[in-house]
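Trainee: Could you walk me through reading backbone features in a model like this one?
Mentor: Gladly, let's open it together.

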Amino acid sequence: MKTLQELEEIRKRTLDRVNQRKDRTTTRIVVGMATCGIAAGARPVLLAIMEEVEKLGLTDVVVAQTGCIGLCKMEPIVEVIKPGEEKVTYVKMDAEKARRIVREHVKDGKVVEEYTMHVIQGKILNDYKVEKE
Amino acid sequence: MAFYRSQVLVCGGTGCTSSDSMKILEKFKEEVKKHNIENEIEIVRTGCFGLCELGPVVIVYPEGAFYSRVKVEDVEEIVAEHLVKGRPVTRLLYTETVEEGRIKSLNETGFYKKQERIALRNCGVIDPENIDEYIAFDGYKALAKVLTTMTPEQVIEEVKKSGLRGRGGGGFPTGLKWELTAKSKADQKYVVCNADEGDPGAFMDRSILEGDPHSVLEAMAIAGYAIGANQGYIYVRAEYPIAVQRLKVAIKQAREYGLLGKNIFGTDFSFDIEIRLGAGAFVCGEETALMNSIEGRRGMPNPKPPFPAQSGLWGKPTLINNVETYANIPPIIVRGGEWFASKGTEKSKGTKVFALGGKITNTGLVEVPMGITLREVIYEIGGGIPNGKKFKAVQTGGPSGGCLTAEHLDTPIEYDTLTALGSMMGSGGMIVMDEDTCMVDVARFYLDFTRDESCGKCTPCRIGTKRMLEILDRIVEGKGTLEDLDKLEELGKQIKAASLCGLGQTAPNPVLSTLKHFRDEYVAHVVDKKCPAGVCQALLQYTIIEEKCKGCGLCARQCPVNAISGQVKSPFKIDQDKCIKCGACIDKCPFKAIVKK
């Protein structure tokens with residue numbers, strides 16, 4: 001190595017990875033990975049999220065799993081928790097929807113309304129259409 | 001960048017390695033593969049986390065879950081539950097980190113809260129065998145800064161500004177040492193790292209070399225630039241195989257990256273480092289003896305002056321610093337001497353690493369700002385004395401240091417306050433003793449060590465320590481007299497004054513300081529012929545309490561010298577003349593009828 005630039009490149013390249021080994025106070029993306037979640041396809045969702053995080057080069061993100069969130073019929077469920085903001089719960093996820101959430105919500109800060117969980121007249125619904133019917 | 005959703009950090013320090021942490025690491029890799037998640041989980045071997053008592057230690061991020069005393073059999077469950085399903089295995093977590101079912105950050109626990117890690121900044125965080133990870137946390141940035149933007153004088157000025165003093169025990173101002181060596185004119189100079197850590201119970205240098213070897217290499221290169229040397233030697237004990245191995249790997253990687261070798265960063269500065277193995281003689285930690293050993297001679301000290309700064313290795317000006325001293329240098333250069341000087345106290349700047357051992361709950365390695373009190377270190381960080389026992393004394397500075405008592409608990413830890421109390425900072429060993437420790441026995445232990453390690457070159461040390469040990473042997477055998485105590489004091493003072501090197505000059509310290517603070521215990525040994533702590537075998541008597549003895553005869557059958565006799569179903573008796581005080585009877589008695597006092 002002959003230049004400072006080379007040193008800086010190695011530093012940048014490695015920092016993002018090793019920094020994850022410290023306490024992170026950052027955005028958390030939580031995937032429900034209990035039996036119900038896994039059966040409904042949480043695994044490809046988790047992988048898609050990780051791929052997208054990597055592709056977009058997001059560093060301040062924790063991707064974690066959790067147990068049963070309690071709303072098994074809406075699985076796979078993904079929760080996005082940003083520091084200082086209210087938790088957003090996405091339901092009936094698939095790999096494509098999950099990628100969109102990482103792009104639009106985690107990266108750009110726009111909640112993807114159409115995938116969020118809705119509570120209408122005390123009932124938890126994930127689809128407006130149900131109510132209209 | 002590879003994105004991992006979780007990191008598993010397995011401690012690869014000597015403590016955890018000796019309790020199978022490398023097998024645990026392999027098992028993690030195997031299990032993760034089995035579950036097909038090896039691309040999501042990064043498994044890293046790191047240096048020492050510090051909490052050696054709870055080893056083998058495994059930390060899982062992002063949660064920061066701190067698994068303690070992990071066994072190979074536990075790994076399967078941790079992978080299946082925590083890594084696959086995201087459910088930490090609470091049963092294996094360090095209890096202090098679990099609060100109402102959620103995991104607390106490790107930095108909030110008593111052990112870590114008061115610590116401030118500068119020398120240990122990368123230990124337990126990076127993979128010591130991966131130079132990229134060292135670079136990620138500003139590694140070699142200080143060297144780059146020094147070579148491209150600073151003159152040697154500016155470097156020395158920065159180190160002087162930091163107020164850093166030698167961490168190996170002497171406490172000599174580091175910047176001044178660099179300046180003196182820089183001023184010596186010669187065609188060749190050397191930089192030496194003293195990694196001959198020999199105090200019983202001290203292991204901070206080993207942990208730094210194992211957990212962050214590049215920090216020492218970088219600092220040595222900086223020192224080389226500052227004083228005008230192109231060659232460095234690390235003198236490390238062969239008994240530290242993991243440290244030696246990681247140093248070798250680190251030197252190789254640094255050479256490959258051109259961070260050691262010719263024309264570093266395209267400048268005309270060249271610097272290389274070689275390892276020299278020591279055979280584990282305590283005296284070789286003394287700088288002149290160390291240099292003799294590097295040159296291939298017997299490790300024996302020379303009189304000073306000349307100091308190494310004028311005439312060291314092969315008669316050339318040589319800079320010798322200790323491992324921990326070097327580890328502080330890169331952050332000082334990157335963040336500035338003033339930043340470092342803002343920590344600690346007036347005369348002792350920065351932080352110091354201590355190896356906590358003895359009768360303490362959290363045995364391990366801690367780094368704290370100078371000026372912290374003994375009480376904070378022992379009770380808040382160290383978790384106090386186990387088994388509800390009472391604190392009696394703490395030994396600092398190893399065989400060269402002395403004891404501090406309960407009345408010194410609120411003394412701030414600094415070079416000068418410790419010396420004033422008859423102890424010393426030393427390399428940072430801190431051995432805690434409880435009420436069951438006999439201070440005479442402790443002094444005897446240390447003197448036995450220094451007597452054994454005395455190189456024999458000068459008479460006061462060679463013969464003086466031997467005579468002192470003989471007196472102590474007499475005392476613990478109950479054959480001492482009051483005059484012996486005065487003789488010990490007189491001898492001790494003379495050995496300190498007349499010995500050639502630091503070994504002899506400090507060897508009497510453990511005796512002198514215990515005599516000062518625990519004279520009554522010595523008196524109990526020589527006058528009452530009693531050991532108040534119940535340690536010295538010769539002063540103990542084993543007796544059978546008649547009322548408790550049921551006359552079963554188990555003890556008599558156990559006694560190897562037939563010192564116990566009696567009729568079955570009536571109380572037995574111990575013949576004190578025959579008894580060898582082995583304690584076999586006491587362990588066997590089902591009625592706790594035998595006591596030693």
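Trainee: In which loop of chain B is Pro56(B) found?
Mentor: This is a predicted model, so bear that in mind as we go. Pro56(B) sits in the loop between S2 and S3 of chain B.

Trainee: Which residue does a cis peptide bond join to Pro56(B)?
Mentor: First the general idea: most peptide bonds are trans. Here a cis bond links Gly55(B) and Pro56(B), with omega about -5°. Another cis bond joins Tyr61(B) and Pro62(B), where omega is about 10°. Pro62(B) belongs to the loop between S3 and strand S4 (65-67) of chain B.

Trainee: And what is phi of Asn562(B)?
Mentor: Most residues other than glycine have a negative phi. Asn562(B), however, has a positive phi near 50°. Its loop runs between helix H23 (554-558) and strand S17 (564-565) of chain B.

Trainee: Which residues of H2(B) are buried?
Mentor: They are Ser21(B), Ile24(B), Leu25(B), Lys27(B), Phe28(B), Glu31(B) and Val32(B). These residues cover an arc of only 165° around the axis, so they lie on the same side of H2(B). The face turned away from that buried side carries the exposed Lys33(B) and Lys34(B). Among the partners that the buried residues pack against are helix H1 (14-18) and helix H3 (72-85) of chain B.

Conventions: Residues are numbered from 1 along each chain as its sequence is written. Chains are lettered from A and ligands numbered from 1 in the order in which they are written. This is a predicted model: local features need pLDDT of at least 70, side-chain atom pairs count only at pLDDT 80 or more; totals for chains, interfaces and linings use all residues. A residue is buried if 20 or more other C-beta atoms lie within 10 Å of its own, exposed if 12 or fewer, and partly exposed in between; C-beta atoms are placed from the backbone. Helices (H or I, at least four residues) and strands (E, at least two) are DSSP runs, numbered from the N terminus. The arc is that of the directions from the helix axis to the C-beta atoms. Two residues are in contact if their C-beta atoms, placed from the backbone, lie within 7 Å.
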